[in-house]
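Hi,

Here's the structure I promised to pass on to you. Have a look at it first, and then read on for what turned up.

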Amino acid sequence: MAAQPPTNEGSPVKVNVSLFVVSLSQLEQSASGSFRAQLYLRQRWVDPRLSTQNKASNSTFLDSLNGHQSTDGRTINLRGKEVEKIWKPDTFIPNVRSMAHQQLISSSMGGRDAEFCKVDRITGEVFISKM
């Protein structure tokens, strides 16, 4: 079952989105104008359910996530299956011909998925960066 979006008193959740272009290649001069791009998609939003300051928040849920906590205990870093446990916006790029989520196998990432998620336990702010 997918996580439900946070309720914001009937208002939509505001998601800040940024896109960083790492590389562009195979630029087509034809009418199709197609190209290949390597990008970082970064998203940031607040989910009050993940805030320890919210009386209705379930801090036990946060504690159950197998993420790495910062030294001050304020943030928790999530990867892989742990990221799937929280709500994420369904962000898409219209008119894209095909897209593949990058799987990094470099030693710097330890062969893990190229998605990073950080949750601020105080404010409930979620930050996700995905290649």
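Let's start with C117. Leaving out residues up to four places away in sequence, C117 touches I76, N77, L78, V83, I86, V126, F127 and I128. Before you go further, keep in mind that this is a predicted model.

Several of those names come back in the largest nonpolar core. That core has 12 residues in all: W45, L50, L65, I76, L78, V83, I86, W87, C117, V119, V126 and I128. If you want to find your way around it, look at β4, β5 and β6, the elements that each give two or more residues to this core.

Next, the charged pairs. How many salt bridges are there? The count comes to 4, and I'll walk you through three of them, namely R44 with E125, R74 with D120 and R49 with D47.

Take R44 and E125 to begin with: their closest N and O atoms are 3.3 Å apart. This pair links distant parts of the chain, since R44 sits in strand β2 (residues 36–46) and E125 in strand β6 (residues 125–130), 81 residues apart. R44 is partly exposed, at a relative accessible area of 32%, and E125 is partly exposed too, at 28%.

Now R74 and D120, whose side chains meet in a salt bridge at 2.8 Å, N to O. R74 lies in the loop between β3 (68–69) and β4 (75–78), while D120 is in strand β5 (residues 115–120), so the pair ties together parts that are 46 residues apart in sequence.

Last one: R49 and D47. Their side chains form a salt bridge, with N to O at 2.8 Å. R49 counts as partly exposed at 34% relative accessibility. Is D47 buried or exposed? D47 is buried, with a relative accessibility of 2%. You'll find D47 in the loop between β2 and α1 (59–64). Its side chain also makes a polar contact with the side chain of R49, listed at 2.8 Å. Setting aside neighbours within four places in sequence, D47 is in contact with P6, W87, G124 and V126.

Note on methods:
Residues are numbered from 1 along each chain as its sequence is written. This is a predicted model: local features need pLDDT of at least 70, side-chain atom pairs count only at pLDDT 80 or more; totals for chains, interfaces and linings use all residues. Side-chain values use heavy atoms; hydrogens and water are left out. Helices (H or I, at least four residues) and strands (E, at least two) are DSSP runs, numbered from the N terminus. Buried means under 20% relative accessible area, exposed over 50%, partly exposed in between (1.4 Å probe, protein chains only). A nonpolar core is a set of buried Ala, Val, Leu, Ile, Met, Phe, Trp, Tyr and Cys residues joined through side-chain atoms within 4.5 Å. Contact means heavy atoms within 4.5 Å. A polar contact is a pair of N or O atoms within 3.5 Å; within protein, one must be able to donate a hydrogen and the other to accept it, and residues adjacent in sequence count only if both atoms are side-chain atoms.
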